[in-house]
Amino acid sequence: MVKTQSVRGTYDLYGILKRKANKVIELASQTVEKYGFEQIETPIFEFTEVFARNLGDTSDVVTKEMYTFQDRGGESLTLRPEGTAGVVRAFVSEGMQQNLPVKLFYHGPMFRYERPQKGRQRQFTQFGVEMLGVSTPQADIEVIAMAYDFLKQLGLENDVVLEINSLGDEESRNVYRAKLVNYLKDHISELSQDSVERLDKNPLRVLDSKEECDKRVVEDAPLYADSLNEESKAFFNEVLKGLDLLQIPYVVNNKLVRGLDYYSHTVFEFVTTKLGAQGTVLAGGRYDGLVAEMGGGDVAGIGWACGVERLSMLFEKDVSLPRPIAVIEVGDEGHNHALQIAYQLRNAGFCVEHSYSGNLKKRMAKANKANAYLAVILGTDELARGHATLKNLDTGEQREVKLEDLLEEIK
Ligand code: ATP
Ligand code: MG
């Protein structure tokens, strides 16, 4: 016997949920195209080293959540857990550095071995954007504005809060790291085992821990803002000034560090209280070192990604299907007429539901269930006269029309 349930953490997406997901992606694509972003589709799997670039990587995604396997040729491959690494890999391997800036968007499935909960799946869909080659705060402002614009298109601007922080440049991060390690070492007995291990490799990660004991220690940790050098402070201020100028509301969250290891300067998240613990719907930041790490040149980057399923759960706009015309034949004589008329109407651009079986009553019930607004009824008597009945299903009004005039009448 085949196991017929889907694998834990994976879902069959259909009906209204699939329509909502499609709409979210459609609105996202339309929004970012206004900003000059163009779609890219990278493979769903990559060489493992594209995601796990260095041994020091301590993010949960890389250390615990990847679906990694050996293919038949002995290569270590990984199902992509996120979009940025693959897009940057493509940027480097396709030689896109020649024509900066490069503005790309993508959407598709991502895979993470996580504990499934509401809004947390093992296969989920992300829509994301990457802007490469702009190192000034203008890029940060525009990329965040674009995210806000998109959330407005979804009707969610009042349901989310933009949280923003700066991790500064490398110098600032080193200063902060030293302060943080000192502080955490004083509280080492209160930290989770994971966080004790992170202390040497990447102590910033402790700030992002979801363990209660770590969160308590983090409460009183030194503030990032106090370690930023003048340049990093100025950069962050420019970003905030730009958001003010565009009247995009935000709160500075000094503890925000984000889950992946490659961020610098600006990091941000749009968070909602409406999805329980899985409140982050869209998140991103600047990753100026990533292209170089991937073997490309010194090219700045900034981007964000959103969880399409999480946004679909919040999305409340109408996603009903277009109302069809029902073509209903009664008796065998109507068969061929029905096929032809349905075909002609569809060619003329109408949505048509053809009922395949049942008596008139059953077929009318099906037409109503399909939310049809008009029925073309092909009864034996009308057909003998070369006619069909057109019935308005909202008003109940009906009249006979000649078969040859049918298309014109409907139009
Ligand atoms: P979280 O803190 O919720 O684990 P993250 O920091 O791991 O999120 P990112 O890697 O920044 O998430 O991914 C961007 C967005 O993708 C998230 O804000 C979220 O909306 C969505 N997302 C991430 N992981 C999952 C998942 N397992 N299931 C569904 N959506 C997800
Ligand atoms: Mg995560």
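**Entry 1: V291.** I looked up V291 in this predicted model and found its place in helix α11, which spans residues 290-293. I then checked its accessibility, and because the relative value is 0%, V291 counts as buried, the cut-off for that word being under 20%. Leaving aside residues up to four places away in sequence, I noted that V291 touches V88, F91, V92, L132, G296, G297 and V299. I also compared its position with that of S355, and I read 64 residues of separation in sequence and 56 Å in space, C-alpha to C-alpha.

For the polar contacts, I found a polar side-chain atom of R112 at 2.7 Å from an oxygen atom of ligand 1, while an N or O atom in the side chain of E114 lies 2.6 Å from a nitrogen atom of the ligand. G307 takes part through its backbone, with a polar atom 3.3 Å from an oxygen atom of ligand 1. The protein covers 93% of the 590 Å² of accessible area that ligand 1 has on its own.

**Entry 2: β15 and β16.** I finally followed strand β15 (residues 387-392), which runs antiparallel to strand β16 (residues 398-402) and is joined to it by five bridges. I picked out L390, whose bridge partner in β16 is R399. The two strands form a hairpin with five residues between them, and in the turn I noted G396, with a positive phi of about 85 degrees.

Conventions:
Residues are numbered from 1 along each chain as its sequence is written. Chains are lettered from A and ligands numbered from 1 in the order in which they are written. This is a predicted model: local features need pLDDT of at least 70, side-chain atom pairs count only at pLDDT 80 or more; totals for chains, interfaces and linings use all residues. Side-chain values use heavy atoms; hydrogens and water are left out. Helices (H or I, at least four residues) and strands (E, at least two) are DSSP runs, numbered from the N terminus. Buried means under 20% relative accessible area, exposed over 50%, partly exposed in between (1.4 Å probe, protein chains only). Contact means heavy atoms within 4.5 Å. Two strands pair if DSSP finds at least two bridges between them. A polar contact is a pair of N or O atoms within 3.5 Å; within protein, one must be able to donate a hydrogen and the other to accept it, and residues adjacent in sequence count only if both atoms are side-chain atoms. Accessible areas come from the Shrake-Rupley method with a 1.4 Å probe; for residues, only the protein chains shown count as cover.
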